[in-house]
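Here are a few notes to read alongside the model. Keep the viewer open and click on each residue as we get to it.

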Amino acid sequence: MITVFGSANMDLVAYVERAPELGETVSGREFRTICGGKGANQAIASALAGGDVRFVGAVGSDGFGAELREALDRSGVDTRALRTVDGPSGIAHIVVEDGGANSIIVVPGANGEVSEEDARTVSANAPQGRSAAGRTTDALLLQLELPMPAVVAAARAFSGLVVLTPAPVVPLPRELLDAVGLLLPNEHEAAAITGLTAPEEALEALLALVPEAVVTLGADGAIYGSRDGSRLRVPGRPVEAVDTTAAGDTFAGAFTVARTEGRTAQEALEFATAAAALSVQRPGASTSMPTREEIDAEVR
């Protein structure tokens, strides 16, 4: 079982040749509303990749909230622990350039109402103990688009493998890091956390904080390290990127599925890299995520 404790946002996506500079107006070629939020994205990615997934969080009482819940349900995510609160749902305003790069503004909405009380529900399925590398286990996926006290409470309440995507980058409390088994930043987040711009050096610094870490490198793949001395690198797959919005969330979901299935770190990296490569070839966040069959075919 994978539990995702995280945000659900409606993504308001504008596609442009290039993003505007401050004070500038540019013409867009397309606009879409797509269900997203880092938590919902990771939940949908995990479910499509073959995981047994439940989601803990909150949506608003507006139309977006109903759409977000429906999208999670349609993807096979258990939403019984997803609360509806009075007021607006979270939204993300996303600008996607023709080359696939994006910039994002997030307005929390209902996500800001997620509390430490909600965090207590993450342990409802009684996970079977913190995992060692490669051992089958339950997992908790966390991001940082919810109030920090709730995120810390969830990590501390869970006894399986806690996987944290540290985005958006904020100071990480020691009590959170002490509960995290695996940290999964991209290279920019790793640099912001450690102050080291070389990914390999940042990886070593991250391992002083947590037992395992993966640093994703975009088109260059990903690197992995653990305190037992393991160091791995998986190259990226050569594809033409259309939209990179949810590539990191797709990677996180697929990687966690592979680990909960007992695959090795090497196998999990290859599975997740294949999933991310498929996602960037399609527009949108949750709408770009591949199925288990597609990922398996890409790996082969």
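1. Let's start with the largest nonpolar core, which has 49 residues. Phe-55, Leu-72, Leu-184, Val-214, Phe-251, Phe-255 and Leu-269 have the most contacts inside it. Helix α9 gives the most to this core, with nine residues. There is also a second, separate core of 37 residues, and Val-152, Leu-183, Val-210 and Ala-213 are among its members. Do bear in mind that this is a predicted model.

2. Now zoom in on Leu-184. Which residues does Leu-184 touch, leaving aside those up to four places away in sequence? They are Val-163, Leu-164, Thr-165, Pro-166, Val-214, Thr-216, Phe-251, Ala-252 and Phe-255.

3. Two of those, Val-214 and Thr-216, belong to one face of strand β11, along with Glu-212. Is β11 enclosed or open? Five of the five residues in β11 (residues 212-216) are buried, so the strand is largely enclosed by the rest of the structure. In a regular strand the side chains alternate between the two faces of the sheet.

4. Who are the partners of β11? Strand β10 (residues 182-183) runs parallel to β11 and is joined to it by two bridges, with Leu-182 opposite Glu-212. Strand β12 (residues 222-226) pairs with β11 in the antiparallel sense, over five bridges. Here Thr-216 stands opposite Ala-222.

5. β11 and β12 make a hairpin, with five residues between the two strands. Look for Gly-218 in the turn: its phi is positive, about 60 degrees. Most residues other than glycine have a negative phi.

6. Next, the helices. The axes of α8 (residues 247-260) and α9 (residues 265-279) come within 8 Å and cross at roughly 145 degrees, and the crossing is right-handed.

7. One last thing to find: the peptide bond between Ala-167 and Pro-168 is cis, with omega about -5 degrees. Most peptide bonds are trans. You'll find Pro-168 in the loop between β9 (161-164) and α5 (174-177).

Conventions: Residues are numbered from 1 along each chain as its sequence is written. This is a predicted model: local features need pLDDT of at least 70, side-chain atom pairs count only at pLDDT 80 or more; totals for chains, interfaces and linings use all residues. Side-chain values use heavy atoms; hydrogens and water are left out. Buried means under 20% relative accessible area, exposed over 50%, partly exposed in between (1.4 Å probe, protein chains only). Helices (H or I, at least four residues) and strands (E, at least two) are DSSP runs, numbered from the N terminus. Two strands pair if DSSP finds at least two bridges between them. Axes are lines fitted to C-alpha atoms, for helices over the stretch in contact, and angles run from 0 to 180 degrees between N-to-C directions. A crossing is left-handed if the near helix is turned anticlockwise from the far one by less than a right angle, and right-handed if clockwise. A nonpolar core is a set of buried Ala, Val, Leu, Ile, Met, Phe, Trp, Tyr and Cys residues joined through side-chain atoms within 4.5 Å. Contact means heavy atoms within 4.5 Å.
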